[in-house]
Amino acid sequence: MIPKQGLGPLPPIGYNPSMRALTREFLDRMPKVELHVHLEGAVPRPALDELARKYGRPPFTALLDRTPQPGRRTRPRKKAAGEYRQGRPSFADFVDVWLRIGDHLREYEDYAFAARALAAEFERQNILYAEVLFSPARDSTAHLQPDRIAEAVAAGFSEGPAAALVRDSNTRPSAAELDPQAKPGAPAAALTRDLNARLSTAEKDPRKITGAPTAVRLIADFVRDNGPREAGRTLDALLAMNDRLIAGIGIGGSEAPFPPAPFAPVFEKARAAGLRTQAHAGESDGPESVWKSIRELRVDRIAHGVRAREDAALMAYLKQSGLPLDICPTSNIRTGAVESIADHPAADFLRRGLKVSLSTDDPTLFGSDLAGEFDLLVRTFGLSEDKVRTLLLNAVDAAWCGPEEKMRLRDAIEAFFGPD
Ligand SMILES: [Zn+2]
């Protein structure tokens, strides 16, 4: 028998018993689940450039690639459209660019186009299941109806991969195809009926929710800055349409100036209608914001929550309750919520047994993808294969889909990793 001291110190979190290299190629091939990705921040760059061309704006690709001078601070409103400063970003900078991208989603067909392009991107990344947030009510969409935005997004995801669409904008659906009222003689509810038919199929096989290789569910994300009245109006419109299009709701936007309490009645109404709920919290504001989301909104999930580490009682609560956190490391660094990847708490949260999963948040803004988020943690913290699998299975546990879909996802993940 080997004496205990002969084993040396406990292995770090990076101990990898299988010794299988967690290369980027391995992480790319790995089946993945994404719970926190905003349509507005995830439109693939070629599709974003198509939209910029449509509206006579400069291409986004060049603007997103521009690396400003480190340390040179500029007022967000004076920056060029799409410019994202990589030096010392602030959350306000991020919101500014996010809204500028959102300005390019002005018509229903733009939403469908963006969703179709994102479906192709999900497939490329081996993402089996995704919950996509979209913000149906912003200043730039005041002329659009939230329910019809939701229908357009769902239609885009329903129609599958969009590689061809990205290459040739002429194949985009016409406004008439997406807007029944703009098509003389077309039944107003035709699009809704079509989606309902697809959703009925989805109940038998959740993967067919979209008809695309990646099963997608939608989360309506209300911008805190626009207040609870607008959130309530938007929710009413979505519920009147067809609540099965939407898996849940959430709040995002400016966290500290717009606390959650005023949104409580909106969340209560959503819950009563069978929707799940989440809140961006503990990102740009401290742990009290997470507590408020738990106590006042009774959320099913916390988006980010990285600043929970500042409160031992909250950390204990998160562990004991198993309340899931969807964590987006690159986003946290780029928005300034966390100083650097070495300072990121994701691996520590995981080691402490919190229900953590990884997501990208706004991958186009941040130049990231889901395998890249895993890669960051593997390279920085030496995350083991077992922990990578735990992150994936945590995402399945936290997903807002039925038991059959969860079984399908777990089976795919376990088949990939093989027996212990
Ligand atoms: Zn987010």
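How many bridges join β3 to strand β4 (residues 246-252)?

**Figure 1. Overview of the protein chain in the predicted model.** The protein chain contains 20 helices and eight strands. Of its 420 residues, 49% count as buried. Among contacts with a separation of 6 or more, 74% are made by residues 24 or more positions apart.

**Figure 2. The open sheet of eight strands.** The strands follow the order β1-β2-β3-β4-β5-β6-β7-β8, and their pairing is parallel. Strands β1 (32-38) and β8 (356-358) stand at the edges; each has a single partner strand, so one side of each lacks a neighbour in the sheet. On average, neighbouring strands of this sheet are turned by 25° against each other, direction ignored.

**Figure 3. Strand β3 and its two partners, β2 and β4.** Six bridges join β3 to β4, and the two strands run parallel. In this pair, L218 stands opposite I246 of β4. Strand β2 (residues 127-134) is likewise parallel to β3 and is joined to it by six bridges. Here the bridge partner of L133 is I219 in β3.

**Figure 4. The two covered faces of β3.** In a regular strand, side chains alternate between the two faces of the sheet. On one side of β3 lie A215, R217, I219, D221 and V223, and on the other V216, L218, A220 and F222; all are buried. Strand β3 (residues 215-223) thus has nine of its nine residues buried.

**Figure 5. L218 within the largest nonpolar core.** This core has 108 residues, and L218 is among those with the most contacts inside it, together with V33, L39, A114 and V153. Helix α6 (residues 108-124) gives the most to this core, with eleven residues. Leaving aside residues up to four places away in sequence, L218 touches V132, F134, A150, V153, A154, L245, I246 and A247.

**Figure 6. Strands β6 and β7, with helix α13 on the sheet.** Strand β6 (residues 301-304) and strand β7 (residues 325-327) pair in the parallel sense over two bridges. The bridge partner of A303 in β7 is D326. Helix α13 (residues 287-297) packs on the sheet, where it touches β5 (276-281) and β6. The direction of α13 makes about 160° with that of β5.

**Figure 7. E230 in helix α11.** Helix α11 comprises residues 227-241 and includes E230. Because E230 has 18 C-beta neighbours inside 10 Å, it counts as partly exposed. The C-alpha atoms of E230 and V266 are separated by 9.9 Å, although these residues are 36 residues apart along the chain.

Conventions:
Residues numbered from 1 in each chain as written. Predicted model: local features only at pLDDT ≥ 70, side-chain atom pairs only at ≥ 80, totals over all residues. Helix = DSSP H or I, 4+ residues; strand = E, 2+ residues; numbered from the N terminus. Buried ≥ 20, exposed ≤ 12 C-beta atoms within 10 Å, placed from the backbone. Pairing = 2+ DSSP bridges. Contact = placed C-beta atoms within 7 Å. Core = buried A, V, L, I, M, F, W, Y, C linked by C-beta atoms within 7 Å. Axes fitted to C-alpha atoms, helices over the stretch in contact; angles between N-to-C directions.
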